[in-house]
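Please take them slowly, one point at a time.

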Amino acid sequence: MTAARGTRSNLATLSLIIAAAAGLLTAVVTITVASPLRSDDQQRRQLTTNNEDEPPIEEQSLIAMQFTANPYAGRDKIEMIKSGEAKLASLRLTPDSLSEGNGRVYGTFCVFDDQLNKKDPAVYPTVDHMVQTSDHCNENRYTLPLDEVVEAVISHDSGSIRSERLKKLPLSGMLFHQGFSGAGLIANALTTFDNTVVVSEHSAIRDALNACDYIHNRFKSKGCSASKHQKLVKDVISILSRSSDSNIERMFLKLDSASSVYIPLLREIYPDAKWTFDYRKAEHVLAKSTESKRSTCVLKKRQPSSVMASQATEHNVDLEDLTTHEVCALHLSTLVNVASKEHDSTGTGMLISYEDDLLKEDALIETILPYLGLQKEIDANPSMVRARVEDVLSTKTNLRGIHSQDVDSQWSSQENVHVSREVRAASQLFMQSMM
């Protein structure tokens, strides 16, 4: 009986404890729901604010904390561009950018070293790789109407004090290519001369050249003025041709491979500029172009140039029905056709076969560089030029992403290219003229 009473007493006590605990939990939950959630920073600010001995902690955006401070904050952006400190990095296009109305093109500008490729062309094979080294470009670039920038730059360079003007370099040559066909070797050789600068695959030039095709494919718009398009290309190259380096006298452009369809447009604007087009054995260039992580030509299925679209019509094919290899084969054959037609119809340009021309001993020094107007520089110091060019040719033209010392950075002309059945079939379908 006593044991039973004790048990009931213990149970009652336990019930009271459970009830109290439940009540406490309810109170905690009620308080938590009723009170707004506060971050650790907010709690610390309240604690320090209530402490009269310490100043309050200033609130800071978590997004802002991820970026470095802009060292050029407060500076006049246009003035930085006029002085050459800030440079054009890319373009922004809208559906009506090149319409007959009041559409505008916008340029993005930032501070970066655009001559890193003269120091190490293999590590900085394109302008984009130089841009990526700049914190300012990665975090603090700014966008301005391109027409306003062009107007300000022209006014500055024509009317400012002579010592403050930037000289405008003549466009001495343009390097076109299929891709993986040796244009990088020529570009890197050109950088070895003290009086040259190579603007390599600048995204602003690419976007200016394909602006009409981009607007048509992206926005389904046909509103693209030919005169405004040509002016855009000329304005972009004009901005990029400004230099404060007294040693630089010549500018060369190495275009991305897809821009070769715009050879006639660039030739119309710069009829006196020398130009080359590098191509390669059909099966080999297609195999290289369709390798994993390299197959950018497949994008042409949805974003073809007007020239490639015409080629598809001539072949009576629908791009949507083609395989990756077939799309790339049609794209690559289009580039060769454009270059060959311009060469044959105008008697200008140099078509350079990777296997038959570029790999020949001394072809660069004895044929290609002299054609591009550098014979005088070669004759002035042939042994030095030869040594510099040979040093460039001994290194791969593109070391982007290579960080390990174990990776072989030496270039070799003896390359084993695997040709699959898909590559062979696609090249026979669309690249017969190259075989």
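**Notes on the disulfides and the sheet**

1. Cys110 and Cys137 are both buried, where buried means under 20% relative accessible area, exposed means over 50%, and partly exposed lies in between (1.4 Å probe, protein chains only). A disulfide, that is, a pair of cysteine sulfur atoms within 2.5 Å, joins Cys110 to Cys137 with an S to S distance of 2.0 Å. The link of Cys110 and Cys137 is right-handed, with 90 degrees about the S-S bond. This pair connects distant parts of the chain, 27 residues apart, with Cys110 in strand β2 (residues 106-110) and Cys137 in helix α6 (residues 135-139); helices (H or I, at least four residues) and strands (E, at least two) are DSSP runs, numbered from the N terminus.

2. Please keep in mind that this is a predicted model, in which local features need pLDDT of at least 70 and side-chain atom pairs count only at pLDDT 80 or more, while totals for chains, interfaces and linings use all residues. Residues are numbered from 1 along each chain as its sequence is written, and side-chain values use heavy atoms, with hydrogens and water left out.

3. How many disulfides does the structure hold? There are three, and when the bonded cysteines of the chain are numbered in sequence order, the pairing is 1-2, 3-4, 5-6.

4. Cys212 and Cys224 form a disulfide with their sulfur atoms 1.8 Å apart, and the torsion about their S-S bond is about -65 degrees, so this disulfide is left-handed. Cys212 is buried because its relative accessible area is 19%, whereas Cys224, at 23% relative accessibility, counts as partly exposed.

5. In the disulfide of Cys297 and Cys328, the sulfur atoms lie 1.9 Å apart, and the torsion about the S-S bond is about 90 degrees, so the disulfide is right-handed. Cys297 counts as buried at 6% relative accessibility, and Cys328 counts as buried at 0%.

6. Turning to the sheet, five strands form an open sheet in the order β6-β8-β5-β9-β10, and their pairing is parallel; two strands pair if DSSP finds at least two bridges between them. The edge strands, β6 (196-200) and β10 (350-353), each pair on one side only. Within this sheet, strand β5 (residues 171-177) is joined to strand β8 (residues 250-254) by four bridges, and Gly173 has Phe252 in β8 as its bridge partner.
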